[in-house]
Amino acid sequence: MRVNFTVNGRPQEADDVWEGESLLYVLRERLGLPGSKNACEQGECGSCTVRLDGVPVCACLVAAGQAEGREVVTVEGLAGRSGAAEGELSVVQRAFVDAGAVQCGFCTPGLLVAADDLLERVPQPSDADIREALSGNLCRCTGYEKILDAVRLAAARTGEAG
Ligand code: FES
Ligand code: FES
């Protein structure tokens with residue numbers, strides 16, 4: 001089967017997709033976008049989080065065929081967003097680096113996509129908002145506090161810029 005969809009603003013076509021092939025597989029193995037990570041392949045860890053028509057989903061649980069005609073944003077599409085220049089880290093990416101929220105980095109792409117979605121919907125989130133938005137994203141390294149700091153920092157910087 002052939003799947004036509006938009007990824008990070010660009011039309012993409014994947015050929016010979018087998019039934020049941022996941023969106024995550026297509027992104028990583030067919031389209032050369034390895035940013036979305038494959039950790040559990042069971043919808044448990046959130047490391048594969050992408051936005052599908054704006055909504056965060058676990059790409060490992062989405063059949064590639066379901067993406068037909070739809071818009072996907074992966075972590076590779078975040079740079080240049082939220083006012084950052086093309087190719088520069090977005091506000092949320094920069095905040096993760098500055099807050100020391102990246103250790104092994106395996107969880108980071110999914111967290112960034114989820115945090116980016118949160119800040120778009122709720123520019124000044126409460127801690128409860130942040131915890132809820134990131135509750136599907138597991139991190140084995142950081143203990144989460146620095147991740148919370150990073151999202152708070154991104155929100156503060158967005159507020160200052162606005
Ligand atoms: S790899 Fe998709 S949720 Fe873990
Ligand atoms: S930084 Fe290692 S799993 Fe989160």
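Start by selecting aspartate 117, which is buried with a relative accessible area of 5%. Here buried means under 20% relative accessible area, exposed means over 50%, and partly exposed is in between (1.4 Å probe, protein chains only).

A quick word on what you're looking at: this is a predicted model, where local features need pLDDT of at least 70, side-chain atom pairs count only at pLDDT 80 or more, and totals for chains, interfaces and linings use all residues. Residues are numbered from 1 along each chain as its sequence is written, chains are lettered from A and ligands numbered from 1 in the order in which they are written, and side-chain values use heavy atoms, with hydrogens and water left out.

**Stop 1**

Side chains of opposite charge can pair when their charged atoms come close. Both residues sit in helix α3, 4 residues apart, or about one turn of the helix. Is arginine 121 buried or exposed? At 52% relative accessibility, arginine 121 counts as exposed.

**Stop 2**

Now widen the selection to residues 108–121, which make up helix α3. Helices (H or I, at least four residues) and strands (E, at least two) are DSSP runs, numbered from the N terminus. From first C-alpha to last, the 14 residues of α3 reach 20 Å, close to the 20 Å expected at 1.5 Å a residue; that expected span is 1.5 Å times one less than the number of residues. How many residues of α3 are buried? The count is 12 of the 14, so the helix is largely enclosed by the rest of the structure. Among them are Thr108, Pro109, Leu112 and Leu118. To see what covers them, show β3 (49–52), β4 (55–58), α2 (91–98), α4 (127–133) and α5 (145–161), which are included in the cover. Contact here means heavy atoms within 4.5 Å.

**Stop 3: over to a strand**

Next, pick arginine 51, in strand β3. Arginine 51 is buried, with a relative accessible area of 6%. Its salt-bridge partner is aspartate 116, with the closest N and O atoms 3.3 Å apart. Since arginine 51 is in strand β3 and aspartate 116 in helix α3, the pair ties together parts that are 65 residues apart in sequence. Aspartate 116 is buried too. Look also for the backbone oxygen of glycine 54, 2.9 Å from a polar atom of the arginine 51 side chain.

**Stop 4: a pair in α5**

Select arginine 152 and aspartate 149, whose side chains meet in a salt bridge (2.7 Å, N to O). They are 3 residues apart in helix α5, about one helical turn. Arginine 152 is partly exposed at 28% relative accessible area, and aspartate 149 is partly exposed at 32%.

**Last stop: a loop**

Finish on asparagine 137, in the loop between α4 and α5. At 6% relative accessibility, asparagine 137 counts as buried. Leaving out residues up to four places away in sequence, its contacts include Cys45, Thr49, Leu111 and Tyr144. The backbone oxygen of glycine 110 lies 3.3 Å from a polar atom of the asparagine 137 side chain.

Terms used:
Salt bridge = Lys/Arg side-chain N within 4 Å of Asp/Glu carboxyl O. Polar contact = N/O pair within 3.5 Å; in protein donor to acceptor, adjacent residues only side chain to side chain.
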